[in-house]
Amino acid sequence: MDQPNPNFAGEMAGLGYSGLTDEKVFAMAVHDVSAAYVRDMSALGIRPESTDKLMAMRIHNVTVEYVRDLKDLGYSDLKPDKLVAMRIHGVTSEFARELKSMGYNSVSPDQMVAMRIHGASTDFIKELTALGYERPSVEQLVAMRIHGVSPDYIRKTRSLGMGNLPIDQLVRLRIHGIVE
């Protein structure tokens, strides 16, 4: 039977997390919050203010590699809550990398979360590009997904003789049910 590490509470106190109860130490062990994890995150500039936030990060798979990948992509102002939200909504480092490769160099973590929530995927962007829409803004992408402006919808408006409408007009048409 494994025994708790008697030095763990002291290590954690040295890292800024003191006064851990036996229950808290057990919960941290269950969620694999180790002193090494805390040290590695701290080295990356991630210092959650509580052990609960550390556990939330582990529960939602905020790994050292994930944070390192995001930092390598230029994301520097990453906070524990934002990282958890990104993981909950499926913002992977691959998604961020692909957005950058498509010319979306200044998409914020919050914008990536909004994109994932509303289904504005890189495949969606590729379909729009194929239809002649070069690099729509994140706000336009999200608005299109919220209001149901799909590549099929765009093709339908074109088949009705409406030509290559600007995205904002497509969204207004869809909102008002002009083309179903």
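Trainee: Which residues does methionine 12 touch, not counting residues up to four places away in sequence?
Mentor: Methionine 12 touches Tyr17, Leu20, Met28, Ala35, Val38 and Leu54, where a contact means heavy atoms within 4.5 Å. This is a predicted model, in which local features need pLDDT of at least 70 and side-chain atom pairs count only at pLDDT 80 or more, while totals for chains, interfaces and linings use all residues. Residues are numbered from 1 along each chain as its sequence is written, and side-chain values use heavy atoms, with hydrogens and water left out.

Trainee: And which residues touch the most other members of the largest nonpolar core?
Mentor: They are Met12, Val62, Met112 and Met115, in a core of 57 residues. Such a core is a set of buried Ala, Val, Leu, Ile, Met, Phe, Trp, Tyr and Cys residues joined through side-chain atoms within 4.5 Å; buried means under 20% relative accessible area, with a 1.4 Å probe and protein chains only.

Trainee: What percentage of the chain is buried?
Mentor: Buried residues make up 37% of the 180 residues.

Trainee: New topic: how many helices and strands are there?
Mentor: The chain has twelve helices and zero strands, taken as DSSP runs (H or I, at least four residues, for helices; E, at least two, for strands). Its radius of gyration, over C-alpha atoms, is 22 Å, well over the 16 Å of the globule rule for 180 residues, so the chain is more spread out than a compact globule. That rule is 2.2 Å times the number of residues to the power 0.38.

Trainee: What does the C-alpha trace span along its principal axes?
Mentor: The span is about 75 × 30 × 25 Å.

Terms used. Buried means under 20% relative accessible area, exposed over 50%, partly exposed in between (1.4 Å probe, protein chains only).
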